[in-house]
Amino acid sequence: MDAGLCAEKCADVLQEKQNSDGGWGYHEETPSRVEPTCWAVSALTAAGECGKRSGAITNARHYLLANQKKEGFWTASPEMKTGNWVTSLVCAVLSQQAGTESPTLAAMEWLCGDYPLDSSPLLRFLRSFSKAKDISQHENTYRGWGWTPRTSSWVEPTAFALLAMQEFDQKRLPSVAARRQKSAVGLLYDRRCPDGGWNCGNPRVYGVAGEALVLPTAWALISLRNLPKHESKSLSLAWLEKQMPKIQSPGSLAVAGMCLETYGKESTQLKSRLHDYGVETLLEDGIHVLAWVCLAMNPGRRWPARIEGRHEPS
Amino acid sequence: MNLRNRRLIPSFQRPPSRVLIRRVADYQRDLEVLIGESIMEFRLTIQGKTVLLKPNLVGLDPLGVMNTHPAVISAARTSFLRLGAARVLIGDGPAMDRDTHAILESVRLREFTGKLGADFCDLNLDDVERVILETRASKLKELYLPKTVLGADLLVSMPKLKTHHWAGVTLSLKNMFGIVPGSCYGWPKNILHWAGIDRSILDINAAARPDFAIVDGILGMEGNGPIQGTRKAAGVLLFSDDPVAADATACRIMGLLPEKVAYLARAGTMLGHLDPQKIQQLGETVESVRTPFAVLPEFRRLVEEAVE
């Protein structure tokens with residue numbers, strides 16, 4: 001089976017489902033939202049060599065730019081007023097496009113200024129007197145990113161923020177970015193589950209080891225791909241490889257497949273398994289899932305990263 | 001009248017609530033008949049209505065102790081359709097894992113219900129609408145809630161009978177955390193923890209109070225719930241037209257004092273009845289099905305002395 005052909009079909013469907021405002025909803029014929037628009041435009045960009053996607057991509061870019069708030073962030077749904085984790089996604093996607101320097105810089109500055117409260121010095125001090133400190137035994141000095149501002153650090157939003165920083169023009173990164181990245185990487189390594197992989201960010205609660213999940217593991221590994229070899233990465237890659245035959249949902253399968261390919265661990269069955277779902281099932285799961293599958297099927301994708309010739313040794 | 005147009009009635013203005021306890025040994029028996037007959041006892045207005053079943057789908061659950069059992073969900077769906085509902089939707093927004101498809105596969109829901117298509121709604125990804133939280137129990141002030149929930153005529157909370165490591169117990173009211181969309185607030189919905197779990201439960205239920213509760217206590221979870229606890233068979237299904245009364249009764253079955261569960265104590269003034277005098281007990285008695293559940297040391301205060 002030619003994976004390129006199937007990616008092309010997924011991209012055609014995505015393009016057909018684009019709303020008139022340039023965005024996509026989580027499901028077809030629903031109002032546009034930022035997250036599915038980010039994934040859809042990434043998939044179309046990867047598939048858009050022949051130029052037939054350029055109009056859709058331009059419209060999607062307009063949708064994203066039109067929905068940026070004056071503070072620099074994006075909200076999950078246009079009518080919301082508080083920025084959240086989708087800002088990282090938009091920043092990563094728009095950073096790959098020319099002419100978006102100003103909005104992405106505003107977004108990056110907002111991201112760099114968004115500190116989770118759980119790791120603030122004051123709360124850490126107060127927690128040292130509380131019994132709650134014994135419930136989750138992770139290190140609280142690391143600061144990543146939360147799903148919403150001024151809450152707690154979690155694995156996936158931290159991974160997305162790292163991905164945004166990696167896509168951003170390194171010369172224009174705010175001065176605090178290097179420190180934030182270092183702390184975020186420390187957080188990811190600290191939050192890894194004992195048997196490898198990540199869940200939302202609770203590796204151990206009440207002394208019981210947390211079980212890893214596919215999506216947080218894959219996103220964390222993708223965000224750590226350029227870093228030197230580390231026990232957490234090798235353990236988690238091994239965990240993810242072991243999960244592959246058991247993964248039943250197309251979304252997790254696509255993202256896990258992209259992750260493993262990023263590390264040079266290609267799954268021979270991946271494309272045919274994804275192909276077997278059919279477009280109808282993918283649409284039922286959501287536009288973002290269709291876009292993930294489209295990206296996973298596309299050998300020419302650039303983002304989320306596929307590192308040519310730089311594979312981590314097993 | 002759908003949930004958008006409802007006015008919150010304080011507990012003292014509410015008529016007595018009813019709770020029906022049915023003894024059910026396992027998930028093998030004919031739940032459709034049992035659940036259908038049990039719902040009929042309450043004489044709900046179902047004809048032509050859109051019913052939303054809100055089960056507790058938490059995560060991958062190969063042992064079947066974490067999530068509402070698919071046999072119960074499917075039987076409830078069939079029952080409401082037979083009783084004249086125009087449409088019965090099933091919806092949840094799992095809190096820890098955004099791959100709802102994987103959770104559905106893990107619980108084998110579609111094996112029981114058949115193809116659901118648009119009749120299943122991933123509430124994490126649904127279109128949202130701003131809701132001002134009139135009760136202000138927490139600092140949240142507003143939430144963006146799924147339109148599918150707000151548009152339902154009859155909202156049915158279908159929790160699993162479980163202890164919970166932050167809230168004490170997770171039942172009909174705590175189950176409503178699942179209507180808060182992850183796409184807006186994340187996985188987990190951490191903003192609710194920061195606003196105070198107990199207080200958030202009150203605000204969410206005041207904004208979208210379940211009309212009916214079906215508690216899956218055939219097999220529950222004790223100890224470090226809602227995910228890492230231990231399987232506990234209680235052999236009951238609970239039905240109630242008042243989620244507070246359902247939860248209070250469930251606590252009593254678990255050998256716990258509902259008055260000492262912080263959010264339930266306050267819910268007893270706002271959302272329904274906690275006081276046994278205001279609850280008409282149908283079916284089995286609490287005493288006849290009482291099955292003490294173990295709790296974490298932090299929640300020893302909830303345990304009824306008489307059953308210690």
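Modeller: Gladly! Two residues are in contact if their C-beta atoms, placed from the backbone, lie within 7 Å. By that rule, 26 residues of chain B are in contact with 32 residues of chain A. This is a predicted model, where local features need pLDDT of at least 70, side-chain atom pairs count only at pLDDT 80 or more, and totals for chains, interfaces and linings use all residues. Residues are numbered from 1 along each chain as its sequence is written, with chains lettered from A in the order in which they are written.

Colleague: What makes up the side of chain B that touches chain A, by class?

Modeller: That side has 12 nonpolar, 8 polar and 6 charged residues. Ala, Val, Leu, Ile, Met, Phe, Trp, Tyr, Cys and Pro count as nonpolar, Asp, Glu, Lys and Arg as charged, and the others, Gly among them, as polar.

Colleague: Why are H2(A) and H3(A) called roughly antiparallel?

Modeller: Helices are DSSP runs of H or I with at least four residues, numbered from the N terminus. H2 (residues 34–47) and H3 (residues 54–66) of chain A pack at about 150°, their axes 10 Å apart. Axes are lines fitted to C-alpha atoms over the stretch in contact, and angles run from 0 to 180 degrees between N-to-C directions. Angles over 145 degrees count as roughly antiparallel, so H2(A) and H3(A) are roughly antiparallel to each other.

Colleague: Which residues of H2(A) and H3(A) meet?

Modeller: Among them are Val34(A) and Leu44(A) in H2(A), and Ile57(A) and Tyr63(A) in H3(A). By class, this contact has 9 nonpolar, 2 polar and no charged residues.

How values were computed: Helix = DSSP H or I, 4+ residues; strand = E, 2+ residues; numbered from the N terminus. Parallel < 35°, antiparallel > 145°, perpendicular 65-115°, else oblique.
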